[in-house]
Amino acid sequence: MSGKIIVTCAVTGGADTFLVNPAVPITPEQIATAALEAERAGASIAHLHVRDPKTGKASGSVELFQEVCDRIRAANSELVLELSCGRGGTYAHDGANPGHAGAGSNMIPARDRVAHVESIRPELCSFDVGTLNFEKLVFMNAPSELREMAERIRTAGTKPTLEVFELGHIEFAKQLMQEGLIESPPLFSVVLGVKWGAPATHAAMVAMRDAAAGHHWSVVDLGSGHPHRTIAQALLLGGGVRVGLEDSLYIRPGELAKSNAQQVEQTVGLIRYLDLEVASPSEAREMLGLDRRRVIDNTGISPRN
């Protein structure tokens, strides 16, 4: 079973991508429906953001996250739910006033960045393990803030998916594991292609894989323009993969994807073409040590006993 491929679908994200591809889901109903369609196509994990239903803009509303989770569980879904914690770390430098965040920043306290995790207590949540120059902005995650977030996530009984954008992030994640803030087995989400992060190249992927040696890892391509190549390389190197409209709006260069499910179907087809097997949600839980972490019924996510 350890050789099976975990497919994650990131169904919506938080950028204004709906202005480019109308298939990007916005409302809780649309997001939940997209996740369920992705499950039927072969995804075992749904990576979830929420949006303001009126504007389509990114939101951190606990109520919206809860509604999406409730809708998915009410459909008898077996999906592993992963809630995003990426919101609240964007810093814009103000050269005239360098001691303060400039226009475009959305810095919020650690407790607010994980409030939905502490309330809903999902099986997984994303956890960005470090700071990164992100084009013209800085994605800021101070060590003290990350330690507080990790402790709150651990106390909630949720496993963090360790989103790493360069090699130093992996080393800091290992330090958090040594400190007991992150439990084994960890899941590294290797993010490639972000401008000023690790590039979406074979060499970079191998380096990141080797740094995370002995642990579960998957790959996200956020900017190369050729995610299919990145996915194929990850599969051949033994990694899992993440696809979905958060990461790419296209099914192939120049052609907008019709749905998240279409992207998952394409990826599952590639996995099977390579004579590999796709992990079911229950198999993914066993691989990641989630099977005893949460009791799931058809009405929602129940607290850990």
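Analyst: In β9, N133 has V138 as its bridge partner. This is a predicted model, in which local features need pLDDT of at least 70 and side-chain atom pairs count only at pLDDT 80 or more, while totals for chains, interfaces and linings use all residues. Residues are numbered from 1 along each chain as its sequence is written, and side-chain values use heavy atoms, with hydrogens and water left out.

Strands (E, at least two residues) and helices (H or I, at least four) are DSSP runs, numbered from the N terminus. Two strands pair if DSSP finds at least two bridges between them. Strands of a sheet pair through backbone hydrogen bonds, either parallel or antiparallel. Here the open sheet has 3 strands in the order β6-β9-β8, with antiparallel pairing. Its edge strands are β6 (90-91) and β8 (132-134), each of which pairs on one side only.

Next come two helices. The axes of α5 (residues 143-155) and α6 (residues 167-178) come within 12 Å and cross at roughly 50°; axes are lines fitted to C-alpha atoms, for helices over the stretch in contact, and angles run from 0 to 180 degrees between N-to-C directions. That makes α5 oblique to α6, since angles under 35 degrees count as roughly parallel, over 145 as roughly antiparallel, 65 to 115 as roughly perpendicular and the rest as oblique. P143, L146 and R147 in α5 meet F172, Q175 and L176 in α6, where contact means heavy atoms within 4.5 Å.
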